[in-house]
Amino acid sequence: MAGSATDTALVSRRAERFGALSYDYASRRLTFARQRRHAGTPLAAQLKEGLGAPICLTWELTYACNLACVHCLSSSGRRDPRELTTAEAIDLLDELRALQVFYVNIGGGEPMIRSDFFAIVEHATTHGIGVKFSTNGTYLDAGAARRLAS
Ligand code: SF4
């Protein structure tokens, strides 16, 4: 991974072999910026060499769930005993931050069933990692919705 991220309020940018990649958290727009010396090479050919890091990751934060839907793709219900602790989850986010991953998609299971859900989300967002997440909504009361919206 070359270079460092330049963060403003809503845009993160990182260096790549072909130039730079930036992600706008508000518009969810990913922008490839090529250095002039690479302009003659098709972007597809340059991308075959890979990115410096993933753009995003999907993270099944827990398999625990308060529901038992017959259509569940992840056979969720019970917490996996190997589930990451809060400290391990925070360490993982710090590693993703060092890699300059733009955002994580948090799912499960039902991620809001974890008592440290907001601590994990807030650690991510205050360290430059965007969060999208899936929920069955049963833990989403007005207070939780306000906290998420903030
Ligand atoms: S709410 Fe989602 S994770 Fe939970 S059982 Fe249903 S489909 Fe699976």
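Tutor: What follows covers the sheet, the hairpin, the helices, the ligand shell and some backbone details. This is a predicted model, in which local features need pLDDT of at least 70, side-chain atom pairs count only at pLDDT 80 or more, and totals for chains, interfaces and linings use all residues. Residues are numbered from 1 along each chain as its sequence is written.

Student: What is the strand order in the open sheet?
Tutor: The order is S5-S6-S7, three strands with parallel pairing. Strands here are DSSP E runs of at least two residues and helices are H or I runs of at least four, both numbered from the N terminus. Two strands pair if DSSP finds at least two bridges between them.

Student: Which strands are at the edges?
Tutor: S5 and S7 (130-133) are the edge strands, and each pairs on one side only. From one strand to the next, the twist averages 25°.

Student: How many bridges join S6 and S7?
Tutor: There are four bridges, in the parallel sense.

Student: Now the hairpin: how many residues lie between S3 and S4?
Tutor: Four residues lie between S3 and S4 in that hairpin. The two strands pair in the antiparallel sense over six bridges, and Ala20 stands opposite Ala33 in S4.

Student: Is S4 buried or in the open?
Tutor: S4 lies largely in the open, because zero of its six residues are buried. A residue is buried if 20 or more other C-beta atoms lie within 10 Å of its own, exposed if 12 or fewer, and partly exposed in between, with C-beta atoms placed from the backbone.

Student: Which residue in the turn has a positive phi?
Tutor: Arg28 does, with a phi of about 60°, although Arg28 is not a glycine. Arg28 sits in the loop between S3 (19-24) and S4 (29-34) and is exposed, with 11 other C-beta atoms within 10 Å.

Student: And Gln100, is that buried or exposed?
Tutor: Gln100 is buried, because it has 25 C-beta neighbours inside 10 Å. Its phi is also positive, about 65°, although Gln100 is not a glycine. Gln100 is found in the loop between H2 (86-99) and S6.

Student: How do H2 and H3 pack?
Tutor: H2 and H3 pack at an angle of about 20°, with their axes 10 Å apart. Axes are lines fitted to C-alpha atoms, for helices over the stretch in contact, and angles run from 0 to 180 degrees between N-to-C directions. The two helices are therefore roughly parallel to each other, a term used for angles under 35 degrees.

Student: Switching to the ligand, which residues are around it?
Tutor: They are Cys65, Leu67, Ala68, Cys69, Cys72, Ser76, Gly108, Gly109, Glu110 and Asn136. A residue is near a molecule if its C-beta atom, placed from the backbone, lies within 6 Å of it.

Student: How far apart are Leu67 and Gly109?
Tutor: Their C-alpha atoms are separated by 8.9 Å, while the residues are 42 apart along the chain. Leu67 is in the loop between S5 (56-60) and H2, and Gly109 is in the loop between S6 (103-107) and H3 (117-126). Leu67 counts as exposed, with 12 C-beta neighbours inside 10 Å.

Student: What is the peptide bond from Gly108 to Gly109, cis or trans?
Tutor: That bond is cis, with omega near 15°.

Note on methods
Angles under 35 degrees count as roughly parallel, over 145 as roughly antiparallel, 65 to 115 as roughly perpendicular and the rest as oblique.
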